[in-house]
Amino acid sequence: MLISTMTTKSSQIFLKSNSEIIFLFGSILTSLGILLVTVGGSWDITNHLLSKPETFFSPPHALMYSGVAISLVGVVLTFVGWKNLQKFKHNYFLPLKIKLIGIGLLTGAGPLDFVWHSYFGLDGLLSPPHFTLIIGMFLCSVGGMIGISRYLKFNDSTSIVKYLLILAVIPVWLSASGIISSLSLPFSSTDFFEFNPEPTIAFIIASLAYPFLISLSLTLIFRLSNHQFGIMSVLGGLFLLIYSSTAIIPNFAMFDTIQFYSLNLIPFVIADIFLKMNRSKLSRFFVGGLLGSIFYLVYYPYVMYTFNEILLGKLVSPSLIYFVYFELIQTVLVYTIIPAIIMGILGMVLSVNLSKKILMT
Amino acid sequence: MNKFLIYLSCFTILSLYFILTIFVFPSEFLLTEQLVPQPVFEAVLSETNIDVGDSFRLSIVSENIGDYADIHIVSIAFPDLIEIDDVVKIATYDFTLSPSYISVGEKIGSNYSGGVETTFAEYPSIEAMSRPLKSDVETYFDVVVTPKKSGIFDVYVKSIGIPHSSDLSHYPHSGTLDHQNEHVLVYSVTVNP
């Protein structure tokens with residue numbers, strides 16, 4: 001009895017003295033889990049397009065389900081950490097609340113997906129269970145990002161530790177990309193439902209939302225890290241690495257285009273250099289516009305499907321993906337470059353307010 | 001002065017980046033040769049003359065003798081039927097995707113456009129699909145047909161490779177045109193009363 005009481009007391013002491021670290025660890029796990037889900041999801045889309053034989057135990061599915069499990073553990077740890085917090089309890093409540101809603105949607109989407117498949121067979125990219133899943137992923141990653149950012153702020157973290165923000169922001173960028181892709185890619189037509197977005201609306205969504213998101217993600221991390229030089233390049237480079245390894249490399253017909261895709265690191269590095277040298281309004285607007293303008297290049301290759309619907313209407317089989325993409329590139333830029341630059345600037349402007357809210361400054 | 005040089009370098013690199021990604025790489029990649037899959041098939045009828053109530057077997061061995069095909073299709077159509085019902089049964093099938101049954105009135109692709117141009121099915125058909133199909137790989141598709149009426153019973157057979165990059169990407173290359181305005185080989189069986 002005495003031993004049991006002592007053990008309980010010592011574990012309570014441990015929890016209370018390490019509550020903030022536990023909260024951070026939970027946030028890291030949540031973000032890491034969502035990162036795995038998004039990587040697995042992108043890989044899974046490629047496998048579907050290539051019609052690779054699919055079983056439940058395919059590597060992308062393994063990655064996705066492991067990600068969900070890790071996120072779930074992360075949210076539980078976040079809750080345990082938050083419950084035992086001695087200080088900043090109020091400040092850490094928002095990320096916890098967002099994560100709880102997110103994980104509820106994320107785990108609820110599984111049974112919903114099972115029921116949906118039972119009634120309607122295979123579903124496309126956009127379906128009620130898939131959309132629930134993606135929104136859940138997005139909320140979990142936002143909760144993780146706010147949690148990590150606030151921890152780093154309250155604990156006056158060093159430059160090196162600030163690179164943890166990359167793990168915080170990349171799942172938000174990828175899951176938000178998933179939302180935009182669901183609402184713009186024509187991958188959602190099934191025997192039972194026609195969930196493919198209307199081509200003109202899809203065109204508008206892709207032209208406005210992707211540039212906004214790229215600029216917002218990159219300038220947000222720059223602000224959250226207190227203007228850390230190099231952080232935008234690392235985040236952008238990681239995004240390119242994830243996209244190339246899940247959407248380009250698995251398709252042997254596109255393998256040679258890797259060198260083209262890797263060039264997209266250049267604008268991220270230039271944006272970093274510009275903001276390092278000068279953070280004037282003009283410089284920030286230039287960076288926002290630059291980051292917005294490259295959306296068609298950064299979202300290679302799948303963004304092409306959205307624009308092909310309206311501009312060419314070609315049948316795109318896997319080996320034709322890059323032909324159609326390159327056939328469209330100049331036309332797409334003519335139509336989208338101005339709105340993309342404007343949305344990029346808007347993303348940059350919003351990142352100022354958003355970072356203030358996240359960091360409570 | 002240093003700042004000026006850095007800005008100048010940045011703008012030069014950015015200009016190079018846009019020139020390479022928007023003009024140079026696209027024109028380079030568009031010059032590369034597209035894959036040309038070349039489907040062919042051999043179809044053999046077990047009987048050419050049967051009585052009503054008897055069955056015949058149509059055995060098809062198809063192959064892609066060209067480049068890698070994203071999709072390899074073999075289609076069997078029955079211009080004398082209104083519905084497939086129990087007249088046609090699949091006996092052998094080793095394509096990677098399940099067979100697709102097309103009914104009269106269904107919207108289908110035409111002119112080898114892969115669904116970009118469409119028309120409506122005038123008679124039923126069955127489509128077998130493998131995604132993808134490498135070169136020199138054979139696929140098997142046999143059906144057993146039991147006509148219910150006497151007369152000449154025709155079966156249309158064709159194969160298409162996607163990407164449909166040239167006239168070599170479909171087989172046969174000429175002859176009878178079906179409801180999709182695509183060439184077919186016609187296999188006829190006389191059904192006696």
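**Entry 1: one residue.** This is a predicted model, so I kept an eye on confidence throughout. I looked up A:Ala271 and found 28 other C-beta atoms within 10 Å; the cut-off for buried is 20 or more, so A:Ala271 counts as buried. A:Ala271 sits in helix α11 of chain A. Leaving out residues up to four places away in sequence, I get A:Leu218, A:Met232, A:Val287, A:Leu290 and A:Leu291 as what A:Ala271 touches. I also checked A:Ser181, 90 residues apart from A:Ala271 along the chain: their C-alpha atoms are separated by 25 Å.

**Entry 2: the helix.** I ran the span of α11(A): 13 residues, 19 Å from first C-alpha to last, close to the 18 Å expected. The buried residues of α11(A) include A:Ile266, A:Phe268, A:Ala271, A:Asp272 and A:Phe274. What do the buried residues of α11(A) pack against? I found α8, α9 and α12 of chain A, together with α1 of chain B.

**Entry 3: the chain contacts.** I counted 25 residues of chain A in contact with 25 residues of chain B. On the chain A side, α11 and α15 each supply at least two residues, and α15(A) gives the largest share, 7 residues. I sorted that side by type: 17 nonpolar, 6 polar and 2 charged.

**Entry 4: confidence.** Chain A has a mean pLDDT of 92, with 96% of its residues at 70 or more.

Note on methods
Residues are numbered from 1 along each chain as its sequence is written. Chains are lettered from A and ligands numbered from 1 in the order in which they are written. This is a predicted model: local features need pLDDT of at least 70, side-chain atom pairs count only at pLDDT 80 or more; totals for chains, interfaces and linings use all residues. Two residues are in contact if their C-beta atoms, placed from the backbone, lie within 7 Å. Helices (H or I, at least four residues) and strands (E, at least two) are DSSP runs, numbered from the N terminus. Ala, Val, Leu, Ile, Met, Phe, Trp, Tyr, Cys and Pro count as nonpolar, Asp, Glu, Lys and Arg as charged, and the others, Gly among them, as polar. The expected span of a helix is 1.5 Å times one less than its number of residues. A residue is buried if 20 or more other C-beta atoms lie within 10 Å of its own, exposed if 12 or fewer, and partly exposed in between; C-beta atoms are placed from the backbone. pLDDT is the predictor's confidence in each residue, from 0 to 100.
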